[in-house]
Amino acid sequence: MRRGLVRIGALAAKEALHIRRDPFTLYLALALPLLMIVLFGYGVSLDIDHIPLAVHDEDRSPESRALVDAFTAAHEFEAVGALEDAGAAGEAFARGRASAVLTVPAGYADRLARGEVATVALLLDASDAQATQQALTRADALAQVVTAEVVQARLGGMQVAAPLSARAWTRYNPAGRSALFLVPGLTAYVLAIVCVLLTSLAVAREWERGSMEQLFSTPVGRLEIIVGKLLPYLALGGVQVLLVLTAGAWIFDVPARGDLVVLAVASLLFLVGMLGQGLLISVVTRNQLVATQASTMSAMLPSMLLSGFMFPIANMPGVLRALSHVVPARYFITVLRGVLLKGTGWAELWPDLGMLALFATLMIAASTARFQRKLA
Amino acid sequence: MSPAIVVDGLSRRFGRFTAVDDVSFEVGRGEVFGYLGANGAGKSTTIRMLCGLLAPTAGDAVVAGARVSTQPEEVRARIGYMSQRFSLYPELRVAENLEFFGGAHGMGGRSLARRLEAVLERVGLAGLGRERTQDLPGGMRQRVALAGAILHEPAVVFLDEPTAGVDPWVRRRFWGLIRELADGGTTIFVTTHYMDEAELCGRVGLMVAGRLPALDTPEGLKRTHAPGRVWSVRGGELPPEQARLRLAALPGVLDVQSMGAGLRVRVDRHATLGADDLAASLSGTVEVEEDAASMEDVFLAVVDAEAQRVGTAAAFGEA
Ligand SMILES: Nc1ncnc2c1ncn2[C@@H]1O[C@H](COP(=O)(O)OP(=O)(O)OP(=O)(O)O)[C@@H](O)[C@H]1O
Ligand SMILES: [Mg+2]
């Protein structure tokens, strides 16, 4: 037993030296996840921000200016300049100078004063359907706010009872910021890829170099090799989790509302599972190139498509939904979103933790079982 | 005292190809046992089976008192192995490599540190522990690898072509270490391509195409497989090929081989053929000197005999 621990220690220490001496491993483990979080976090963001808005104000009244200010004050729109005539709108679109043009016709203030319906025009570049949809919704809301202000001003500051209206409240993410929703998924996705890749290379490398043969001539056991390989990468994975979550909190203001111990346990289980999957791959393939391909395929696609990261699991067709149950990223994302956004803890998340534990155990058992201690 | 290695009918097939074919031998404790053979003869395959790295398809072996088929754990604990392909991690320092292999054998702490110093000293590399392994010249690397194989004081050490690709001076030095180890009671099983190294072994097994047709001390092998007197012949006016044919045609000549600038003629011990007869058969001034049979003579004779036995030239390999 003591000798077994000594052997595991020796394996882990040696692996840690390899990691320290290999710039590629360090880059893969530490720089890549950060880079992906930052790039994806901005790039995959579903929010539309700062739509360039050109203004064509024919009215030039205090009222029209108030309307324009209301638009440009919202972070969805950003004023890029005033247009002299209506014909300039087409040109502004074509040149890509503006994606939206707000036209306030002459007589806007007068119509308001007379209590008539005043119409303004918002032209949108609809080549991005989703952005258009959001811009429209936002414009509608802005128009209503301005209307309410105008009505209130007219009534001389008297409070008016608002007509009955239904309002939808979104909880946990009131601003509807997609970064909040994406960062947990992204964390799981990035960790999955990097962890599987790291260990799959680590064991395949020993086969390719022939050092596995040397290792087999010593009394180290299969499980000892697996555990000895796993430990240093687990430590590295822990650093990755901290790094990625810190980046999420810092850059994208992702909160941490729940029990961080639950998060730590889930991270540990998820890491063991993914590192174990990498070990299994390299035990079977024994070849770095094949291991790389197998890792990317088996870690990237499910973690991206079937985990709830990009597409809600509830909307998937039955077969895919069933498949998503064997994707560990799914459970880790649930825990991440739960702990970070909803403030949930053990009581709600234990089934997910259980699934992560099951996956981790299966992976370690399978790689140990498939690990042939013979050369041919 | 029981032998260090007992091999009994060991065979290994890869598909339809037989890499090791019914090999049996014994190696005594403290013996330096050499395994000589061409590329692909089956040397590494034999070692791998003896180290418990490869399962035999038939036969079995007992190494340092442990049966390879049923007690692989015990075998691994008692042997040291220097594989042909890999022995060290190049990006690790010398001491880090040794600490790792010591740790893999369950050694640690003070005793490992002390042992590490002692072993580095023994292979003549004291104070080089902090060197990056990849920065060492080949000969030194080989000695570090040997240090790694003997760190845990194994009873039997397997060295698979430990001196491949290093210069003769370094090889001589390495063999000095092997000798010392054996004198200390360690059993050494070493494979080689080099005839001069085979001369340094206590006993030599000759592997040809998976079989072990000859096994004896170097002197014994020469007596059995390269009998007769050997003459070295130089000079003369005939072109070498013609001279060779002339000599081979003389009664009592067993074979003629070219060697450097001259020819080596092996003559039946009972033939009356002498140095003068050899010189007379060639025209011009001819220098004839008595020479000793070499392992090369043995090797070629054994390979020849095997080829005839098998009835094909397939047994030649590419010696
Ligand atoms: N795992 C394997 N699968 C198939 N064939 C193998 C395997 N290992 C060895 N062989 C074959 O068995 C034969 C003997 O190989 P082995 O490595 O034992 O030779 P060797 O005497 O060590 O040669 P060398 O001097 O080149 O090291 C070779 O023809 C080799 O191709
Ligand atoms: Mg070999």
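Four elements of chain A, α3 (62-73), α5 (108-114), β4 (121-124) and α6 (129-154), each supply at least two residues of the lining of the second largest pocket. Helices (H or I, at least four residues) and strands (E, at least two) are DSSP runs, numbered from the N terminus. This is a predicted model, where local features need pLDDT of at least 70, side-chain atom pairs count only at pLDDT 80 or more, and totals for chains, interfaces and linings use all residues. Residues are numbered from 1 along each chain as its sequence is written, chains are lettered from A and ligands numbered from 1 in the order in which they are written, and side-chain values use heavy atoms, with hydrogens and water left out.

Stay with this pocket. A pocket is an open set of points on a 1 Å grid over the protein atoms alone, where a 1.4 Å probe fits, with protein on both sides within 12 Å along at least five of seven lines; lining residues have an atom within 4 Å of a point. The second largest pocket has a volume of about 470 Å³, a volume being the space filled by probe spheres set on the points. It has 22 lining residues, and Tyr108(A), Ala118(A), Val120(A), Ala143(A) and Thr147(A) are the closest to its centre. α6(A) gives the most to this lining, with 9 residues. By class, the lining has 17 nonpolar, 2 polar and 3 charged residues.

Now turn to ligand 1. Residues from chains A and B surround it, so the site is shared between chains. Its shell has 15 residues, with Gly40(B), Lys43(B), Ser44(B), Thr45(B) and Gln84(B) coming nearest; a residue is near if one of its heavy atoms lies within 4 Å. α1(B) gives the most to this shell, with 3 residues. The shell has 6 nonpolar, 7 polar and 2 charged residues.

Polar contacts (pairs of N or O atoms within 3.5 Å) follow. A polar side-chain atom of Ser44(B) lies 2.7 Å from an oxygen atom of ligand 1. For a side-chain N or O atom of Glu161(B), the distance to a ligand 1 oxygen is 2.9 Å. Taken alone, ligand 1 exposes 640 Å², and the protein buries 67% of that; the areas come from the Shrake-Rupley method with a 1.4 Å probe.

Last come the salt bridges. Each is a side-chain nitrogen of Lys or Arg within 4 Å of a carboxyl oxygen of Asp or Glu. Over all chains the count is 26. Glu15(A) forms one with Lys229(A), the closest N and O atoms being 2.7 Å apart. Glu15(A) lies in helix α1 (residues 2-21) of chain A and Lys229(A) in helix α9 (residues 222-252) of chain A, so the pair ties together parts that are 214 residues apart in sequence.

How values were computed: Polar contact = N/O pair within 3.5 Å; in protein donor to acceptor, adjacent residues only side chain to side chain. Nonpolar A, V, L, I, M, F, W, Y, C, P; charged D, E, K, R; others polar.
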